Amino acid sequence: MSTLICGSIAYDSIMVFHDRFKNHILPEQIHILNVSFLVPEMRREFGGCAGNIAYNLKLLGGEALIMATVGDDAAPYLERLDTLGLSRAHVTQVPGTFTAQAFITTDLDDNQITAFHPGAMVHSHLNKVEHSRGVTLGIVSPDGRDGMLEHSRQFAEAGIPFVFDPGQGLPMFNGDELLACLQLADYCTVNDYEARLLCERTGRSVESLAGEVRALVVTRGAEGSEIHTGGRRIDIPCAQPSAIEDPTGCGDAYRAGLLYGIENGLDWDQTGRLASLMGAIKIACRGGQNHAPSREEIGAAYRSAFGSTLW
């Protein structure tokens with residue numbers, strides 16, 4: 001049983017400014033802004049929604065297939081996929097482009113200034129769901145706009161159940177397009193801000209939108225999450241992390257737990273708690289793919305957090 005993960009592969013360059021932006025940006029001069037920040041700390045991480053979700057699903061023992069587009073600079077990431085044992089059969093290299101990249105500068109107050117270059121991601125529609133084999137579940141995560149629309153339609157046409165996960169790509173779509181994707185999907189997951197935006201753009205309530213899918217999942221950070229299914233709401237507690245180091249990729253880790261639970265027939269309470277736990281494990285490490293618990297350690301953490309056995 002394979003899960004096809006449609007979404008981005010990206011490099012994240014994260015820099016730390018040892019001061020506060022507010023000390024260097026004059027509000028009355030914002031119309032002629034020209035500032036430079038010295039960033040003595042910098043690290044480059046492997047990221048992107050598809051890469052992060054696949055990494056976490058692999059930790060759980062799931063079979064993840066990544067469908068993404070990358071650029072001429074993708075060699076280090078492709079080598080990493082090989083090392084991790086993640087197939088790149090559906091990772092398409094687009095000549096003349098860069099792999100998607102985020103450049104993030106953080107100050108001492110944890111404020112962030114981010115520049116994102118989509119690069120090869122805008123060509124995601126070149127990949128076709130029908131070219132995959134043995135897929136029993138899918139997810140459409142943030143990617144190129146055309147790719148997200150087409151992959152949603154292709155999953156539905158192929159009869160493959162899938163999760164619609166618009167994430168930070170949600171503002172690219174109008175209400176009709178979002179509603180159409182929901183009606184094609186079997187599941188949808190958004191954070192609390194995205195849920196409000198989804199309701200605003202469609203003119204529908206969360207409860208109403210939940211009626212379009214088998215389950216609508218809304219994450220609320222430290223407040224846990226809620227799963228709307230079958231006309232009821234299941235409240236999922238937040239698993240307590242061992243430390244809070246970096247929230248980057250926590251949502252992707254959560255989604256890997258969702259996918260594992262759906263694929264393996266767990267009930268919604270178990271699925272939500274596993275997803276919550278994966279987010280808590282990730283937040284204790286910097287970057288989206290640097291945590292590396294074994295499946296046994298994840299099972300033990302689940303027992304410790306929730307007092308029950310998952311496997």
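**Close-up 1. Helix H5 and the elements that cover its buried residues.** The buried residues of helix H5 are covered by elements that include helix H4 (175-184), strand S10 (187-191), helix H6 (206-210), strand S11 (215-219) and helix H7 (250-263); helices (H or I, at least four residues) and strands (E, at least two) are DSSP runs, numbered from the N terminus. This is a predicted model, in which local features need pLDDT of at least 70 and side-chain atom pairs count only at pLDDT 80 or more, while totals for chains, interfaces and linings use all residues. Residues are numbered from 1 along each chain as its sequence is written, and side-chain values use heavy atoms, with hydrogens and water left out. Within H5 (residues 192-202), the buried residues are Glu194, Ala195, Leu197, Leu198, Cys199 and Thr202, where buried means under 20% relative accessible area, exposed over 50% and partly exposed in between (1.4 Å probe, protein chains only). At the start of this helix, a side-chain oxygen of asparagine 191 comes to within 3.1 Å of the backbone nitrogen of tyrosine 193. After H5 comes glycine 203, which has a positive phi, near 70°.

Close-up 2. The order S5-S4-S1-S8-S9-S10-S11-S12-S13 describes an open sheet of nine strands with mixed pairing; two strands pair if DSSP finds at least two bridges between them. Strand S5 (87-93) and strand S13 (232-236) are the edge strands, each pairing on one side only. On average, and with direction ignored, neighbouring strands of this sheet are turned by 20° against each other; axes are lines fitted to C-alpha atoms, for helices over the stretch in contact, and angles run from 0 to 180 degrees between N-to-C directions. S10 and S11 run parallel and are joined by five bridges, and tyrosine 187 has alanine 215 in S11 as its bridge partner. H5 packs on the sheet, touching S10 and S11, and its direction makes about 115° with that of S10; contact means heavy atoms within 4.5 Å. H8 also packs on the sheet, where it touches S10, S11, strand S12 (225-229) and S13, and its direction makes about 35° with that of S13.

**Close-up 3. The packing of helix H8 against helix H9.** Helix H8 (residues 268-283) and helix H9 (residues 295-306) have axes 10 Å apart and pack at an angle of about 110°. That angle makes H8 roughly perpendicular to H9, a term used for 65 to 115 degrees, whereas angles under 35 count as roughly parallel, over 145 as roughly antiparallel and the rest as oblique. From H8, the residues Gln270, Arg273, Leu274, Leu277, Met278 and Ile281 meet Ile298, Ala301, Tyr302 and Phe306 of H9. Sorted by class, this contact of H8 with H9 has eight nonpolar, one polar and one charged residues; Ala, Val, Leu, Ile, Met, Phe, Trp, Tyr, Cys and Pro count as nonpolar, Asp, Glu, Lys and Arg as charged, and the others, Gly among them, as polar.

**Close-up 4. Serine 276 in helix H8.** Serine 276, which lies in helix H8, counts as buried at 8% relative accessibility. The side chain of serine 276 reaches the backbone nitrogen of alanine 239 at 2.9 Å. With neighbours within four places in sequence left aside, serine 276 is in contact with Ile236, Pro237, Cys238, Ala239 and Tyr254.

Close-up 5. Strand S2 (residues 10-16) and S3 run antiparallel and are joined by seven bridges, with methionine 15 standing opposite methionine 42 in S3. Glutamate 45 also lies in strand S3 and is buried, with a relative accessible area of 10%. The side chain of glutamate 45 makes a polar contact with the side chain of asparagine 290 (3.0 Å); a polar contact is a pair of N or O atoms within 3.5 Å, of which, within protein, one must be able to donate a hydrogen and the other to accept it, and residues adjacent in sequence count only if both atoms are side-chain atoms.
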